[in-house]
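Subject: Structure for your review

Dear colleague,

Please find below the structure that I am handing over to you. My notes on it follow.

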Amino acid sequence: MRNLKKVSAMVLSAAMAAGMIAVPAAADDSSASGQVYYLNFKPEQAQQWEDLAKVYTDQTGVPVTVVTAASGTYESTLRSEMAKTEAPTLFQVNGPVGLATWKDYCYDLSGSDIYSHLKSDDFALKDGDAVDGIAYVIETYGLIYNKKLLNDYINTDGAVISDVSEINNFDTLKAVADDIQAKKDELGIEGAFTSAGMDSSSDWRFKTHLANLPIYYEYKADGITSTPAIKGTYLDNYKQIWDLYLTDSTVEPTMIGSMTGEDASSEFALGEAVFYQNGTWAYNDIKGNEVADEDLGMLPIYIGVEGEEDQGLCTGSENYWCVNKNASEEDIQATLDFLSWVIESDEGRTSLSQDMGFVTPFDTFDEDAYKASNPLVDAANEYIAAGKTSVAWCFTTMPSEHWKDMVGSALLEYAQGTGTWDDVKTAFVDGWATEYAAANGDAEAESETETAAE
């Protein structure tokens, strides 16, 4: 196993292996009213949330417990924790689909301080006038790349591009990646792309984030924002980008079942691969290693769709704060007060913007001192400034976690040669209709399918 330079990352990984990371609340202060229990979704920011919770408790005497679910286990962890007497007072949903499961637990945030600071209702999950959830980070993902390594490639004999700006479609991306793979020994790297690990710490990058691209283009072509029955119009495009990840990789396709998210981040951070599919949140795992901040860039994920030269990066949020309305009044108020402090205090704003590198949707972060310190965010902003069309996060409309798991399993079987691409199509298309019907009721699904067909 490769070791990153950050000891904290190794400690985090070891703790995650046990299932989740918990920070016990500080000793109760008799003058404090209520307590906060935050079930955090993002393992990569676990330490920063723990540190911030301690600062708040030291200042106020209000106990704040942070528990971080292991990667890929948030829903199951949330179900388990919500069944306990001391359930989370603050939790997350990933968007409308996630909210459907937890709506009955959501306190109305319409009168809250954090809602008053939200720049737009585009970042709120609403039911009429009620506000069930509020996004706290706007994130972007694509193909993170090492500028130095890519420039080293450009300087080789016969390089197919002379500047990174020429990579603006799938055909060029493939030509570059294929040539890099052929010259990997000359370049001193292991592969063009980091390993496409398919364990739970990594498979979400492909069964969710990569799968977003064919869904986005189908929605765009059909003029819709959700569907009870995906058609799979762009699954051949999904196949060709997945094939590229497999063939131009640091490892053989048969190995990806045992590769992890830490493997992929290590390969990129240590300069062993040029491209790494991930997002702005990955900066904390990269910084301080072999890749300098000035050498970090991000490209859109091109899959061979007409007009993709004007495509930007994938931008949105699947991180919506929800307050548990079943908590005691004291704990609800304590949680609301904690959230206010997080987005208004110097300590909270510095932690979110500088330590975590978040772009937030709150007006309290408009000062320059609280702009995100993250070169990947800067790369994302460059595409917006250039007028490129951002790819919406349509994966929040995926019908269920089970659907994602079935697609991920089919992708792995295909990569290992024990399954076919038709199996991926079946999981994607047939599985979508089945899971949508199960989640929404057969009658509703049939009615919407008939309407969509007219």
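**The second largest pocket**

The second largest pocket holds about 830 Å³ of space. Please note that this is a predicted model. The lining of this pocket comprises 35 residues, and those nearest its centre are Phe123, Ile138, Thr315, Gly316 and Ser317. At least two lining residues come from each of α10 (212–222), β11 (311–316) and α16 (375–385). Of the elements that contribute, α16 gives the most, with 5 residues. Sorted by class, the lining of the second largest pocket has 19 nonpolar residues, 10 polar ones and 6 charged ones.

**Cavities**

Rolling a probe the size of a water molecule over the atoms shows where empty space is left. A search of the whole structure returned 3 cavities of 30 Å³ or more. The largest cavity has a volume of about 50 Å³. Its lining consists of Phe193, Thr194, Ser195, Ala196, Arg205, Phe206, Tyr245 and Gln277. By class, 4 of these lining residues are nonpolar, 3 are polar and 1 is charged.

**The protein as a whole**

The protein contains 19 helices and 13 strands. Of its 454 residues, 56% are buried. When contacts between residues at least 6 apart in sequence are considered, 75% of them join residues at least 24 apart.

**Nonpolar cores**

The largest nonpolar core has 82 residues, and the members that touch the most others in it are Ile180, Tyr238, Trp242 and Phe275. Another core, of 36 residues, lies apart from it and includes Val137, Phe338, Val342 and Met356.

**Helix α14**

Helix α14 covers residues 329–344, and its 16 residues should span 22 Å at 1.5 Å a residue; the C-alpha atoms at its ends are 22 Å apart, so the two values agree. The buried residues of α14 are Asp331, Ile332, Ala334, Thr335, Leu336, Phe338, Leu339, Ser340, Trp341, Val342 and Ile343. Among them, Phe338 and Val342 belong to the core of 36 residues. In an α-helix there are 3.6 residues a turn, so residues three or four places apart point the same way.

Phe268 is part of helix α12 (residues 261–269). Why is Phe268 classed as buried? Its relative accessible area is 0%, and buried means under 20%. In sequence, Phe268 and Thr194 are 74 residues apart, yet their C-alpha atoms are 6.5 Å apart in space. Apart from neighbours within four places in sequence, Phe268 is in contact with Ile144, Tyr145, Asn146, Thr194, Ala273, Val274, Phe275, Tyr276, Ile286, Val291 and Leu296.

Tyr370 sits in the loop between α15 (346–355) and α16. Tyr370 is likewise buried, because its relative accessible area is 9%. Tyr370 and Gln354 are separated by 16 residues in sequence and by 7.2 Å in space, C-alpha to C-alpha. Gln354 is also one of the residues that Tyr370 touches; the others, not counting residues up to four places away in sequence, are Asp346, Arg349, Thr350, Ser353, Thr364 and Phe365.

Yours sincerely

Definitions and conventions
Residues are numbered from 1 along each chain as its sequence is written. This is a predicted model: local features need pLDDT of at least 70, side-chain atom pairs count only at pLDDT 80 or more; totals for chains, interfaces and linings use all residues. Side-chain values use heavy atoms; hydrogens and water are left out. On a 1 Å grid over the protein atoms alone, a cavity is a set of points where a 1.4 Å probe fits but cannot get out, and a pocket is an open set with protein on both sides within 12 Å along at least five of seven lines; lining residues have an atom within 4 Å of a point. Grid points are joined across faces, edges and corners, and a volume is the space filled by probe spheres set on the points. Helices (H or I, at least four residues) and strands (E, at least two) are DSSP runs, numbered from the N terminus. Ala, Val, Leu, Ile, Met, Phe, Trp, Tyr, Cys and Pro count as nonpolar, Asp, Glu, Lys and Arg as charged, and the others, Gly among them, as polar. A nonpolar core is a set of buried Ala, Val, Leu, Ile, Met, Phe, Trp, Tyr and Cys residues joined through side-chain atoms within 4.5 Å. Buried means under 20% relative accessible area, exposed over 50%, partly exposed in between (1.4 Å probe, protein chains only). The expected span of a helix is 1.5 Å times one less than its number of residues. Contact means heavy atoms within 4.5 Å.
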